[in-house]
Amino acid sequence: MFDKKIYPAYHTVRIGASAGLLHGTCGRTGILICDDWAYESLCARRSLRILADDLAGDGYPVLRFDYPSMGETIPEPGGDVDSLAPLVDTVLQACATLRSSSGVTQIVIVGLGFGSAIATRLATLPEADISGVVLLAPVTSGRAYFRELQLRAAMISNITNVKPEPVPGVALSIAGLDMRDGLAAEVKALRISPDMLPDTIPALVLSRPGRANEAAFAEQIAARNPANTTATFDGYDDLMTDPTAAMTPVEAFGTVVEWIKDRFPAAPATDVGEKLAPFPLKGDGFSETIELLGCERQIVGTWCEPEGERTGSAVLFLNAGALPRSGWAGSVKNTQRWLARNGIPSLRIDVSDVGDSRPVSFSAEIVHYTAEQVEDVRDALDFLQKRGCGHIVAAGSCSGAYLALRSAIADDRISDVVAVNLQRFLWDPRDDLRNALRFDHTDTSAYARKLIDKEKLKRLLSGEIPIFSLATFLLQRTLRKVEQKLAPYLFGLSPFARICRQVHSELRALSDRGTRVDLIFSIGDPGIPHMEHILGKDGMRAASYPGLELTFINGADHNLTPKCALEIYQQKILQAAFSDPERTASAA
């Protein structure tokens, strides 16, 4: 299951005020995927794309979309989502769109977490005309689900040391994404029972291990219809770890694919549906179009331009880790639209194998910080150049900051870099990137303290935490620190010294070229010690390179969740876009 395939092309389709992504074009049975909510949606986006691609490769047109106020959606007037009604309406529109664009005669709806509650609601509506239902980690009690969200929000707040800013009318804020009072009240009142699903609709239910309520719900569903099936949702916790470390639950998704193929064999559609073509979506002062880039049109991007005249350089936004291109709490999407209202066009992309973007056929999965990602940036720069953008600002956070800097070194079409919480100027080729991404977020003593915690120790001994990988990483990090301290006494012959020389050579080349680099750090961010290894205490050596500036933000987390921190980042990007009066993007 999930072997490398050449999948049917993507197509963008209109769903109300927003766009959806259609995998494949036509078939008798269509699949509609209802995503989870907020943070879980960020974690699951790549994996749901993989599931959709696998189904599309087997002949099923599959539609993915965003709920109002989530993901890539365009806000509507007075667009705060304060009830379940606009979410259900959006899914009904998605059903109609799937039928009209693909010629499907029956629809199987797949719901994950919160999406399972929406899928169950749709199955009861005659106008939806659902033929099959797949419920993954089903929400059987809205109150219990809301408590889970509260715990998740508290956990994220504890990790980031940033408490949600109180907002009137907001019941819950998780990772910067808000659930308003009205929606929260309806969610808590949800009671989903097996008899809500019509007996005529086959159902597959995957319950999470150790969740007695979900398992009982699944068993009752199975007893209602011989066509109904239950299974265990193995891999759920690894899927929801965090957006960058999330692992696709291959076995569970394989069960979904096989059940759909068994109950609803793929067959060609008698009606191929309407002709699909790119289209813009209008918002307040901006227009957006979903674009497909790259040698195989595998990269998905969102091109955002002002309604009026362009007045500055274009901006290219790059993913932070595996966060989808809309960004943490929608920050990238919102920044793009704010820039458009200031006359600045921009493009946000998912690099290969992140978010909605596929890897190149038959290639290995793209690992963050690799040179292959620079090729994705070249494709994006080609796109912007064709749109008349002569000078381009590259912006990103964490791994996106690294990619922006490395791409500027490789391609002089990037005139400015705005990099937030850069973790390395250049990765040591001896480092294991996967382990670094998994463990390099705290100091060694913090790991030692965690081992005193009974729950952490239990997870370690049970194998949930990979002890060998962790021990190897901690040993390597200790050796790197020793090497850095000894570097002045090794006559510049250590690997670390060679990396330093290369970085300084690259910074000098950027400075000589006139490329401006603005490094922004949250005070206390783990990237600061690595920056100081190169630029000295507090970055004092930055003054040696004209155009290199450092900015430190107090009270911000790694993702710049606080509004005041995000505004500093936005202003830096705006300044870069207007940094040279001669750098005015021409009309496309």
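**Figure 1. The lining of the largest cavity.** In this predicted model, 21 residues line the largest cavity, and those nearest its centre are Ala320, Gly327, Ser331, Val332 and Ser397. The space within this cavity amounts to about 230 Å³. Five elements each contribute at least two lining residues: strand E14 (314–318), helix H9 (331–341), strand E15 (346–349), strand E16 (392–397) and helix H18 (563–577). Strand E16 provides the largest share of the lining, namely 3 residues. Sorted by class, the lining of the largest cavity comprises 13 nonpolar, 6 polar and 2 charged residues. Across the whole structure, the search returns 7 cavities of 30 Å³ or more.

**Figure 2. The second largest cavity and the residues around its centre.** The volume of the second largest cavity is about 160 Å³. Its lining consists of 14 residues, with Arg45, Arg64, Phe65, Asp66 and Asp356 lying nearest the centre. Strand E2 (18–23) and helix H1 (39–57) are the elements that supply two or more residues to this lining. Of the elements, E2 gives the most to the lining of the second largest cavity, with 3 residues. By class, the lining of the second largest cavity contains 7 charged, 6 nonpolar and 1 polar residues.

**Figure 3. The packing of helix H2 against helix H3.** Helix H2 (residues 85–102) and helix H3 (residues 114–123) have axes 10 Å apart and pack at an angle of about 70 degrees. This angle makes H2 roughly perpendicular to H3, because angles of 65 to 115 degrees count as roughly perpendicular. The crossing of the two helices, H2 and H3, is right-handed. On the H2 side, the contact is formed by Leu87, Val88, Val91, Leu92 and Cys95. On the H3 side, Phe114, Ile118, Arg121 and Leu122 take part. The residues of the contact of H2 with H3 comprise 8 nonpolar and 1 charged, with no polar residue.

**Figure 4. The crossing of helix H11 and helix H16.** The axes of helix H11 (residues 399–410) and helix H16 come within 10 Å, crossing at roughly 65 degrees. H11 and H16 are therefore roughly perpendicular to each other. The crossing of H11 and H16 is left-handed. Leu405, Arg406, Ala408 and Ile409 are the residues of H11 in this contact, and they meet Gln502, Glu506, Leu510 and Arg513 of H16. The contact of H11 with H16 is made up of 4 nonpolar, 3 charged and 1 polar residues.

**Figure 5. The contact between helix H16 and helix H17.** Helix H16 (residues 495–513) also meets helix H17 (residues 527–535); the axes of H16 and H17 come within 10 Å and cross at roughly 80 degrees. From H16, the contact involves Phe496, Cys500, Val503, His504 and Leu507. From H17, the contributing residues are His533, Ile534 and Leu535. The contact of H16 with H17 holds 6 nonpolar and 2 polar residues and no charged residues.

Note on methods:
Residues numbered from 1 in each chain as written. Predicted model: local features only at pLDDT ≥ 70, side-chain atom pairs only at ≥ 80, totals over all residues. Heavy atoms only, no water. Axes fitted to C-alpha atoms, helices over the stretch in contact; angles between N-to-C directions. Helix = DSSP H or I, 4+ residues; strand = E, 2+ residues; numbered from the N terminus. Contact = heavy atoms within 4.5 Å. Nonpolar A, V, L, I, M, F, W, Y, C, P; charged D, E, K, R; others polar. Parallel < 35°, antiparallel > 145°, perpendicular 65-115°, else oblique. Left-handed = near helix turned anticlockwise from the far one by under 90°. 1 Å grid on protein atoms, 1.4 Å probe; cavity = no way out; pocket = protein on both sides within 12 Å on 5 of 7 lines; lining within 4 Å. Points joined across faces, edges and corners; volume = space filled by probe spheres on them.
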